[in-house]
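Hi there,

Here is the structure I promised to pass along.

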Amino acid sequence: MTIHKEGRSLLFWLLFILAAVNILLHQVLPDRELLLNLTMLGSIVGYLAVLQFFRNPAIPMPDDPALIYAAADGKVVTIEKTREDEYLQEDRIQVSVFMSPINVHVNRSPLTGLVKYVKYHPGKYLVAWHPKSSTENERTSLVLEHPSGLLLMVRQIAGAMARRIKWYVNEGDPVVQGHEFGFIKFGSRVDLFLPLDAEILVTVNQKTKAGITPIARLKS
């Protein structure tokens, strides 16, 4: 288990601020033992809560070109046929995974291939499970090309709390199944747009682990 690079600066300054507040209170209110203890306890709990959000556990790397793996830890909230008009311009099966603040927020590539398209969209901050969040919220769309030529869209979506989407790939970059391609801070959602003939291997409300849970099997 390591701490993700997106959280290191925040955690350093948060530790500094909390330590300074507690030291200052001990200097100003040395006789208020209950208040000092409560402040110390609240500081520890708050810091650990933020710390767990930025955890980055090691996972066994998948290597199966027939499978599409989860891009995010969380819970499946949508499995439905939809029209993808941004890039693919065709009907697809949309599988959406909601990431709560207690989930690991590292996003991992669902396949090995090439990045064909990347586009960031500013937008709203509707709750991530809202049906319109996929097209109206702040989001980043990535299209990955499977070695077979199949195209898969992955969409990172900001939620009511998540106000910062990070991606670490550009058009033309290779991606490896299970390896990190991005991160979303503080609750969010990731959509996969799969071929209509893909065999869906998850159900609504099922928990997923990025790079571990197979979402679909591609038609051979």
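Let me start with Val76, which lies in strand S4 (residues 74-84); strands (E, at least two residues) and helices (H or I, at least four) are DSSP runs, numbered from the N terminus. Val76 is buried, at 0% relative accessible area, where buried means under 20%, exposed over 50% and partly exposed in between (1.4 Å probe, protein chains only). Leaving out residues up to four places away in sequence, Val76 touches Val95, Ser96, Val97, Val202, Thr203, Val204, Asn205, Gln206 and Thr208, a contact being heavy atoms within 4.5 Å. Val76 and Asn205 are 129 residues apart along the chain, yet their C-alpha atoms are separated by 5.0 Å.

A word on the source: this is a predicted model, in which local features need pLDDT of at least 70 and side-chain atom pairs count only at pLDDT 80 or more, while totals for chains, interfaces and linings use all residues. Residues are numbered from 1 along each chain as its sequence is written, and side-chain values use heavy atoms, with hydrogens and water left out.

Now for the whole chain. The protein chain has three helices and 16 strands, and buried residues make up 45% of its 220 residues. Its C-alpha atoms fill a box of roughly 70 × 35 × 30 Å, taken along the principal axes. Of the contacts with a separation of 6 or more, 71% are between residues 24 or more positions apart.

Finally, Val21 lies in helix H1 (residues 5-28) and counts as partly exposed because its relative accessibility is 38%.

Happy browsing!
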